[in-house]
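Here are some notes to read alongside the model. Please keep the sequence and the structure open while going through the points.

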Amino acid sequence: MDPGRIVVIGDSHIGLGDGSETEVNAWLDRLAAQSPKALYLNGDLFHYLIAHPTFRTAAVDAVLNKFRELRARGIAVHYVEGNRDFFIKGSFVEEAVTDIADEFAVVAGDKKFLVTHGDLINDRDWTYRFWRRASKNPLTKLGVNLFPKKSARRLVDSAESYISNTNFEHKSRVPVERIQDYARRRAADGFTHVVLGHFHEKTVIPGERTVIVLPPWYETGEAMVIDPATGAFDFAVI
């Protein structure tokens, strides 16, 4: 990979246990050696990341420290909030990265990429939408403060297990029609490309507005690489 490229990954789903960070940190070291311009984390960096001391582990800190190293080398680290990221804005996570947002615009050549996780695109997935609304609100954040550490982790693990074993209808395929509708709507903001995570199936949908669904990093180790001068993109195992 040539220096100065823009790199995007999605769904690395790093575990929280000791040593879970080894593979991704080795990848980040290889990435840093190639001097990219920026790294975009398109959601679900960890299996789940609740930015509260109750859920802060050595693995979480090790990855965040690696982001600090990248930034010290002049590599921007942009964090897109995914469906498994909770209360990260204004938290200790924000201190380790360049910025956190629900979406980022990336201008490369005459192209304009929208980088967003995409978990709300499927408006028929009511089970997920209910789970998101119930889990990402100020009341839930307050509740995390009140639960003992072990009880809080058991509650989140059981909820994640439930949601992972339901909704097979909506997980069985990429909702191409809804994604294309979304891309057409965002064209009004000047976006020529939409880059999504969440669906765990590497897909490129060409058309008037190109849609890219990222491969899940935890399975393939692949990243999307964008040439900032031309907007051309490809996938690479770094």
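1. The chain has eight helices and 13 strands; helices (H or I, at least four residues) and strands (E, at least two) are DSSP runs, numbered from the N terminus. This is a predicted model, in which local features need pLDDT of at least 70 and side-chain atom pairs count only at pLDDT 80 or more, while totals for chains, interfaces and linings use all residues. Residues are numbered from 1 along each chain as its sequence is written, and side-chain values use heavy atoms, with hydrogens and water left out.

2. Of the 238 residues in the chain, 52% are buried. Buried means under 20% relative accessible area, exposed means over 50%, and partly exposed is in between (1.4 Å probe, protein chains only). Among contacts between residues at least 6 apart in sequence, 70% join residues at least 24 apart; contact means heavy atoms within 4.5 Å.

3. Helix 1 (residues 22–33) and helix 2 (residues 58–72) have axes that come within 10 Å and cross at roughly 5°. That makes helix 1 roughly parallel to helix 2. Angles under 35 degrees count as roughly parallel, over 145 as roughly antiparallel, 65 to 115 as roughly perpendicular and the rest as oblique. Axes are lines fitted to C-alpha atoms, for helices over the stretch in contact, and angles run from 0 to 180 degrees between N-to-C directions.

4. Which residues of helix 1 meet helix 2? Val-24, Asn-25, Leu-28, Asp-29, Leu-31 and Ala-32 in helix 1 meet Ala-62, Val-63, Lys-66, Phe-67, Glu-69 and Leu-70 in helix 2. By class, this contact of helix 1 with helix 2 has eight nonpolar, one polar and three charged residues. Ala, Val, Leu, Ile, Met, Phe, Trp, Tyr, Cys and Pro count as nonpolar, Asp, Glu, Lys and Arg as charged, and the others, Gly among them, as polar.

5. Six strands form an open sheet in the order 6-4-2-1-12-13, with mixed pairing. Strand 6 (99–101) and strand 13 (233–237) stand at the edges with a single partner strand each, so one side of each is left without a neighbour in the sheet. Strand 12 (residues 222–226) pairs with strand 13 in the antiparallel sense over five bridges; two strands pair if DSSP finds at least two bridges between them. Glu-222 has Val-237 in strand 13 as its bridge partner.

6. Strand 7 and strand 8 run antiparallel and are joined by six bridges. In their hairpin, which has two residues between the strands, Gly-109 takes a positive phi near 60°. Strand 7 has a covered face of Phe-104, Val-106 and Ala-108, and an uncovered one of Glu-103, Ala-105 and Val-107. In a regular strand the side chains alternate between the two faces of the sheet.

7. In helix 7 (residues 176–186), the residues Arg-178, Ile-179, Tyr-182, Ala-183 and Arg-186 are buried. Seen down the axis of helix 7, these fall within an arc of 140°, so they line one face of the helix; the arc is that of the directions from the helix axis to the C-beta atoms. Arg-184 and Arg-185 are exposed on the face turned away from the buried side. What covers the buried residues of helix 7 includes strand 7 (103–108) and strand 8 (111–116).

8. Gly-118 lies in the loop between strand 8 and helix 3 (126–135). Is Gly-118 buried or exposed? Gly-118 counts as buried, at 7% relative accessibility. Leaving aside neighbours within four places in sequence, Gly-118 is in contact with Leu-196, His-198 and Phe-199.
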